[in-house]
Every structure is written in structure tokens, then in C-alpha cells.
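Open the model in your viewer and keep the selection panel at hand.

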Amino acid sequence: MRKALPYLLSLPALLMCIGILIPFFTAVYYSMLRYRLNLPAMKGFIWFDNYINFFTDPKFWNTLKISLIYAGLTVVLELILGLVIALLLQKRSRVNNFVSILLLLPLMTAPALAALMWKLMTNPNFGILSYLVSLIGFPDMKWGSDPSTALFTVVLVDMWVYTPFMMILLLAGLRSLPTAPFEAAALDGVPRSFVFFRITLPMLMPYLLTATLFRLLDSIQQFDIIYAMTQGGPGDKLLVFQVQAYLDFFQATNVGRSAALMIILWAITYFLSNIFIKQWLKLRERAHGAA
Amino acid sequence: MDHTSTFERILRGILLALVVLFFMFPIFWILLMSFQTNESILRMPPSVFFTPTFDNYIALVTGEMRTAAGSLQLNFMQNLWNSVLLSTTSVAVALVLGVPAAYAFARFKFRLGEDIAFTLLSFRFAPPLLVLLPLSLYFKSLGLTNTYIGLIWVYQLICLPLILWIVRGYFEDLSPDIEHAHRIAGYSWFQTFRKIAVPLALPGIAAAGLLAFIFSWNNFVFALVLASADKQPVTVGALAFVTASGIQYGQIAAAIVMSVIPTFVLAMFAQRYLVEGLSLGAVKG
């Protein structure tokens, strides 16, 4: 009984796992099929042809490129902005605490709804942002529906939602740093840029890494914001992995291609999450003591 | 720390004001829009001065939208109800399954234990559509498409990892000594778990539950793939509403406001635990 107990306790959660693992293996199998819902007669096992076809498929390279650009841009911008805000709010004061609570609100907004909010604000006919940019010399900005500004628009929405995530993780990190090195540096009259680059940043590194990897894992899979804002358009401008797979599945009904695309994205996130989990465990042990 | 110059204090103030402006303005503006008629929204230049109206909210609540072309049925309240039902039930199920498992992972070192815990964690990071697309075909053959049960089941992908890892951290922070003492006094492990461990970890369990609720509420892609209009939560419903109503901007804004209020309110309650929850227990606030 004593031996079986932990298994019994985790069994229900484990069963839930298995229920989800079946579709995962199905996805692997589908990715090796020529499988179109509209042409069931053509269904057949083709080994790795779906993957091999990607090499010569400009649509695939476009998807990979857009996904990487999107993830890279959002994570770097959110990291810098999040760090700046965390430094601004570092000192505990009533105003700072109030602001840090206010900044939780965008993070608590469903990303799909956040995209709708920004869609209303960037409407070319009445959107407040369209009006404001027209005052400073951009009279016909089309935001999400213009190929040249679509990426900028969704990155802006992503920043609005997720910068607070970076901020609160880094703020918690900053506030947990030991104070002794900073006091010593202040006594010795060390310049503040030196303190920042040689003391603050290195000590904050585990938090920066965890936050960055966390966001990178989510951002490379972004779906909600992009789909709600432009559905991957205009043209192929925002066809990131999950949006492309969704459209392949439901519009082109090309199950095989869609599954292969998701397996590739899964491989990328699996690789990233292994690095992430190591980093995350280190921080977690620090927070909870050795497990 | 205190020898900051006046110049620096002003600079900090300006930066902070800009930060608050960027993050709060969209919420403020959508709130204003939700109290405006379409004519007032479409007026150029935009203005913060208008006669407020509750018509948008009334239309959403009564489910009837009167337009120049006649009246149109809305089922936004159904979406809102679906969100409440799906999020609440999913969190309840995840707590029942997740809390005992979290306790097992925290208290017993057992073979496969860490493997199971990490498999559950890996769900948090796998692309949702990887599982959802094949699942949509399975659901069709199982008759689970567009059912609450089917949706609650896949919502466990969001809730379980979150609850498991946060609650596990809370159990690990509790000293096992009290539980040992209780066991020696002759109680079964289950009585100990129920009477000692769970009550002591309750703040953590509550926080994990609130967070899981927020994440379920905000989820979009699961219901987009697996549900039709009558089972869709607000996130998917609002998007469909935009397509259906097209130009009823005031009502879209009101729908957004009603959809975000629950998560905003809960976030204020869970605020203390938010940092820990969002980092899956890696950072303490």
C-alpha cells in the first residue's frame, strides 16, 4: 500500500496525460500521410515526403522566417522594455506598487480580446491611433491590413500584453537580490553604470534567462493575437507556424502538411523547453529550497 | 540611493507616466467606446466628451440588437455563460486530480514520479494545435465535438500543469513533521492529507485555482477548434461577433469590457500569488 500510494494519487492526472499523448502520436502518424479531407481516396502512407517537400516549399520557409522574426522581435523588445520598467519600479513605494498592479491588467486580458481592442483602436475610419498618427504625418496608416505595417501592429499588441509578464518576473528578481553588494558599491562611490552592468545584470541573469526562455516558448507559438487581428494576412505576411497549420487543416484540409508543420514546431519548442526547464529548476530550487 | 538629482526624479516621473499611458490607454479607450453610440464613435476627430449611453450593454444583456435594418439576435450572454461554466468546471476537475498528484510528487520519492510530473509540465509548452487538430477528428468519431465534457477535458491541458507545479511547491514548503506527528497519532494518510496538508497549503491551492481560472477564461484556440457557436466562450464569441455584427463598434467594445472584467477582478485578488503562478513556482513575489 505504502509503495502504491503515490502512484494511486497521481494516476488520475497520469491518465489525463495518456489521453493527450494519443493525439500526439496520431499527429506524428498523420504527418507521414498524404491525407486531404476533401480527397479521401488519395490517402496513403508516404513516409517523410511531407517533411522533404518543405525543403523546396517557399511557403514553409516563409512560415519559419516569420515565426522566428516574430518571436525574436517580441522577446527582445519585451525584455528591454520589461527590464526598464522593472528598474523604474524597483524601489518599494505606494506609487510604484500601484503602477505594478495596474500593469497586470494587460497581462490578464485574453490575447484574442487584446487584439480586438487594438483592432478597434487602429480602425482606419475611426480608430484613435489612426487619428493620432495622422496628426504626426501618417494620414493613411492601415496598421494590420497593410503588408508593410502588419508585423509592427501585431508585435505592438504582443508587447502590450506580455511586457508586464517580463516586468513582474524581473521585478521579483530585482527585489530578491542581496543588498550587500549594492551598499558596498555605494560606499566606494562606484559609478552607477558600472553597478548596473557588473553587479545588477549578472546577478539578475537567472531571472532574465528564465523570463526570456518562457516568453520565447510562447511567442514562437503565437496564434491568438495574430489570428484575431489579421488571420495571418495580409497575404502571407503573418503566417506563423500555428496560423499556417490551422489554415492548412481547416481551409486547405491538408491534414498531412498541417501535422508535419506542427511536429516541426514541436521539435523547436521541445529543444527550447529542455533548456528552459533546466534554468527554471535552478530558480525554483532557489525559491522553494532543494526539492 | 537617496542622492538622486531633481533631473533624475523628473525623468523617472515622465518615463513612468509614459509606461502607464501605453498600458492603460487601450483599456480606458475601449471602456469609453462601450458607452458611446455608433455615431459618436464614428465622429472625427475622436473626443472624450459625449453623452454616455448604456444601450450597448442593454443590447448585449437582452440579446437583441436594434439596427436600422431591423433587429438582430445576439447570443453573447450564452458565450459569457459558457466561459463561466467551462472555466469553473475545468478548474474544479483539475483541483480534484491535481492536488493529490501534487502531494504525491512533493512527499514521496517514487519511480516515474518525476517523469510523470515533467510530462505534465511539457504540456504547458507543446504547441496546442499539435494535439488539437488530430483531437478534432477523434472528437468527431467519439461524439465529443462541441460538448462541454470534451472542452473541459482539453482545458485540463491548461489547468493541470499549472495546479500541479504551483501546489507542489506549496506542499514542499510545508515541513512534513506535523504530518508525521499526525500519522504517529494513529490517523491514516488520507486523514492527514485532508486535515493537515490541504488546509495548510490552502492559500497556494486557492491561488493556483484562481490562476488556472484566468488562463482557462482567456483561452482562445481550444474552443475555436472544438466548439461551435452555442458552446463557445467569450474569447471566440467576441471574434465571431465582430464578423457577424460588422459595424456595431460600441457593442463590440461593451462585449470586450464584459469579457475582461472577471479576469481583472480575480487578478486583483490573486495579485500576491500572480508572480509565483505565472512562473510556475520558479519566482516568489
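## Stop 1: a helix in chain B

Select α7(B): this helix is mostly covered, with 22 of its 26 residues buried. Its residue range in chain B is 148-173. What you are viewing is a predicted model. From the first C-alpha of α7(B) to the last is 36 Å, close to the 38 Å expected at 1.5 Å a residue.

Where in α7(B) does the kink lie? Go to B:Leu157, where a kink of about 40° is found. Then show B:Pro161, a proline; the kink comes shortly before it.

## Stop 2

Where they touch, 15 residues of domain 1 of chain B are in contact with 14 residues of domain 2 of chain B.

Now select the side of domain 1 of chain B that touches domain 2 of chain B. At least two residues of this side come from each of α1 (6-34), α2 (38-42) and α3 (55-62) of chain B. The largest share, five residues, is supplied by α3(B). Sorted by class, this side of domain 1 of chain B has nine nonpolar and six polar residues, and no charged ones.

## Stop 3: chain A as a whole

Chain A has 291 residues, of which 45% count as buried. Of the contacts in chain A between residues at least 6 apart in sequence, 69% join residues at least 24 apart.

Colour chain A by pLDDT. The mean is 89, and 98% of the residues of chain A reach 70 or more. Which element of chain A has the highest mean pLDDT, and which the lowest? Helix α3 (residues 58-89) of chain A has the highest, 95, while α1(A) has the lowest, 83.

## Stop 4: where chain A meets chain B

Bring chain B back and select the contact between the chains. Chain A contributes 70 residues and chain B 78 residues. On the side of chain A, the largest share comes from helix α1 (residues 5-30), with 16 residues. That helix, α1(A), is also the element of chain A with the lowest mean pLDDT. By class, the side of chain A that touches chain B has 56 nonpolar, twelve polar and two charged residues.

Technical notes: Residues numbered from 1 in each chain as written. Chains lettered and ligands numbered in written order. Predicted model: local features only at pLDDT ≥ 70, side-chain atom pairs only at ≥ 80, totals over all residues. Contact = placed C-beta atoms within 7 Å. Helix = DSSP H or I, 4+ residues; strand = E, 2+ residues; numbered from the N terminus. Nonpolar A, V, L, I, M, F, W, Y, C, P; charged D, E, K, R; others polar. pLDDT = per-residue confidence, 0-100. Buried ≥ 20, exposed ≤ 12 C-beta atoms within 10 Å, placed from the backbone. Expected span 1.5 Å × (residues − 1). Bend = angle between axes of the 7 residues up to and from the residue.
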